[in-house]
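Please read it alongside the coordinates.

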Amino acid sequence: MAMAKRWGTATLALGAVGAGVFMAARRVAVAPPDPELERRAHATQYSGPWRHGFADVNGVRLHYAEMGSGDGLPVILLHGFPECWYAWHYVMPHLEGQFRLIAPDMRGYNLSSKPEGVESYKLDTVAQDIVALIEALGATQAYIVGHDWGGVVAWHLAMYYPERVKKLVVINAPHPAAYSRELRHIEQLLRSYYVFLFQLPVLPEAALRLSLGWSLPLTAAVPGAFPNEALDVYRNNVQQPGAATAMLNYYRALARSAPQLLREDHPVIVCPTMLLWGMLDFALVPELIEGTEQWVSNLRVERAPDSSHWVPEEKPGWVAGMLAEFLA
């Protein structure tokens, strides 16, 4: 009897602690943006040489930054988590003389629409945004360049909307079949722990808002890759109403569609494709590169031995040089 009473008391205490943690996390997750941070982030984004525009596509409004000009096909630069278009701000000036560069905020990020619900962030829905953006830019095809989650979208576009992709460049984002293969090995499974944590409610939103300012520099291999002004942009991005949940909903939608997305019988990609890989990536094992040619018929692989996951920020000159040569 005494044991049962003590057990009941302990259970109640743990429940109270859990409820307190959840309520504290919720307060962090829904806290309003910091006005001073918002002012600095806005100044940073609008003080550069790029132009800004908006496109109403596929039921959402996408913001994009643009550089360069010309009559050639646009180069669509797709960012990853937890960034925004600004991830490309180092790379774009190197290429503006050669290409028309379009760096959108994908749905849920920064200045773009943030529709509610996990279903709004299904991979094919996000890919359809980019197809519609290409059309809104007056083109039928584009060069697609994607990093991290932008790379996941880029792979999907090349597999399922091949008529829209002239050439494909993916940076530190594995082909889904390669990712499925490596998840059967303990090292990649352990490195993917955050994908499972992101399925929880509220707590990931709070953690993302609290950690973003230090986690990006901590995981970079090149000092100075994330200066304070860049961190201002990304921190303000995640503080926008609904943004943290929207960004995490990419992972939640992915988990719900995992059996379909992680199968190994995707259509073979036939367009010229280049895979750039930072070999010091903390989240993705280098073995993910191996065997990609079985799903991509025209593949080139280039490795950055001294770069981590954040290759566009750490090696912008190298990335720009690779793009200039490959997309020419």
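The points below are grouped by topic, after a short note on conventions.

This is a predicted model, in which local features need pLDDT of at least 70 and side-chain atom pairs count only at pLDDT 80 or more, while totals for chains, interfaces and linings use all residues. Residues are numbered from 1 along each chain as its sequence is written, and side-chain values use heavy atoms, with hydrogens and water left out.

- Buried means under 20% relative accessible area, exposed over 50%, and partly exposed in between, with a 1.4 Å probe and protein chains only.
- With neighbours within four places in sequence left aside, Ile144 is in contact (heavy atoms within 4.5 Å) with residues including Ile76, Leu78, Ile130, Leu157 and Leu168.

**Helix 11**

- Helix 11 covers residues 243–256, 14 residues in total. Helices (H or I, at least four residues) and strands (E, at least two) are DSSP runs, numbered from the N terminus.
- From first C-alpha to last, helix 11 reaches 20 Å, close to the expected 20 Å; the expected span is 1.5 Å times one less than the number of residues.
- A bend of about 30° occurs in helix 11 at Asn249, the bend being the angle between axes fitted to the seven residues ending there and the seven starting there.
- Ten of the 14 residues of helix 11 are buried, among them Met247, Leu248, Asn249, Tyr250 and Tyr251.
- The cover over these buried residues includes helix 4 (123–136), helix 5 (149–160), helix 8, helix 9 and helix 10 (228–239).

**Gln199**

- Gln199 sits in the loop between helix 8 (193–197) and helix 9 (203–219).
- Gln199 counts as partly exposed because its relative accessibility is 32%.
- A polar atom of the Gln199 side chain lies 2.8 Å from the backbone oxygen of Val195.
- Leaving aside neighbours within four places in sequence, Gln199 is in contact with Tyr251, Arg252 and Ala255.
- Gln199 and Ser307 are 108 residues apart along the chain, and their C-alpha atoms are separated by 29 Å.

**Loop between strand 3 and helix 3**

- Gly80 belongs to the loop between strand 3 and helix 3 and is buried, at 0% relative accessible area.
- Pro82 lies in the loop between strand 3 (74–78) and helix 3 (92–95), and a cis peptide bond with omega of about 0° joins Phe81 and Pro82.

**Positive phi**

- Most residues other than glycine have a negative phi, and most peptide bonds are trans.
- Asn58, in the loop between strand 1 (51–57) and strand 2 (60–67), has a positive phi of about 50°. Asn58 is partly exposed, with a relative accessible area of 34%.
- Asn172, in the loop between strand 6 (165–171) and helix 6 (176–182), has a positive phi near 45°. Asn172 is buried, with a relative accessible area of 1%.

**Cysteines**

- The structure holds zero disulfides, a disulfide being a pair of cysteine sulfur atoms within 2.5 Å.
- Cys84 is buried at 0% relative accessible area, and Cys271 counts as buried at 9% relative accessibility.

Technical notes:
A polar contact is a pair of N or O atoms within 3.5 Å; within protein, one must be able to donate a hydrogen and the other to accept it, and residues adjacent in sequence count only if both atoms are side-chain atoms.
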